[in-house]
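User: I am new to this structure and would like a close look at a single part of it. Please take one part and follow it out to whatever lies around it.

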Amino acid sequence: MLGSMFVGLLVGLLAGALTNRGESMGCFGKMFLGWIGASLGHLLFGTWGPNLAGIAIVPAVLGAMVVLAIFWRRGS
């Protein structure tokens, strides 16, 4: 559980940095974004690339970027 929380936070931070969105989400928001992004990334892109705590990092970051692009408006 703790490992998935850390990986969710890492994925949320990476997706936020790559898309330049979600600056004011906070740690829990980015962790939640990472969990949702990992689920979506697993469904859309599969489970390839390096794994950390059972989560494929590359598809998780791609999924989190998709979630940010869809739901987060810049400047709000």
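Analyst: What follows takes helix α2 (residues 26-45) as the part to look at, and then turns to the elements that cover it. The model is predicted, so local features need pLDDT of at least 70 and side-chain atom pairs count only at pLDDT 80 or more, while totals for chains, interfaces and linings use all residues. Residues are numbered from 1 along each chain as its sequence is written, and side-chain values use heavy atoms, with hydrogens and water left out.

Helices (H or I, at least four residues) and strands (E, at least two) are DSSP runs, numbered from the N terminus. The expected span of a helix is 1.5 Å times one less than its number of residues.

Buried means under 20% relative accessible area, exposed over 50%, and partly exposed in between (1.4 Å probe, protein chains only). The buried residues in α2 are Lys 30, Met 31, Leu 33, Gly 34, Gly 37, Ala 38 and Gly 41. Down the helix axis they fall within an arc of 155°, so they line one face of α2. The arc is that of the directions from the helix axis to the C-beta atoms. On the face turned away from the buried side, α2 carries the exposed residues Phe 28, Phe 32 and Leu 43. Just after α2 comes Gly 46, with a positive phi of about 90°.

The cover over the buried residues of α2 includes α1 (2-19), β2 (55-56) and α3 (57-71).

In α1, 18 residues should span 26 Å, and the end C-alpha atoms are 26 Å apart, in agreement. Val 7, Gly 8, Val 11, Gly 12, Ala 15 and Gly 16 are buried there. Their arc around the axis is only 165°, which puts them on the same side of α1. The face of α1 turned away from that side has the exposed residues Leu 2, Phe 6 and Ala 17. Among the elements covering the buried residues of α1 are α2 and α3.

The 15 residues of α3 reach 21 Å from first C-alpha to last, close to the 21 Å expected. Buried residues in α3 include Ile 57, Ala 60, Gly 63 and Val 67, and their cover includes α1, α2, β1 and β2.

Contact means heavy atoms within 4.5 Å. Apart from neighbours within four places in sequence, Ala 60 is in contact with Val 11, Gly 37, Ala 38 and Ile 55. Of these, Gly 37 and Ala 38 are among the buried residues of α2, and Val 11 is among those of α1. The exposed Phe 32 of α2 is 28 residues from Ala 60 along the chain, with 12 Å between their C-alpha atoms.
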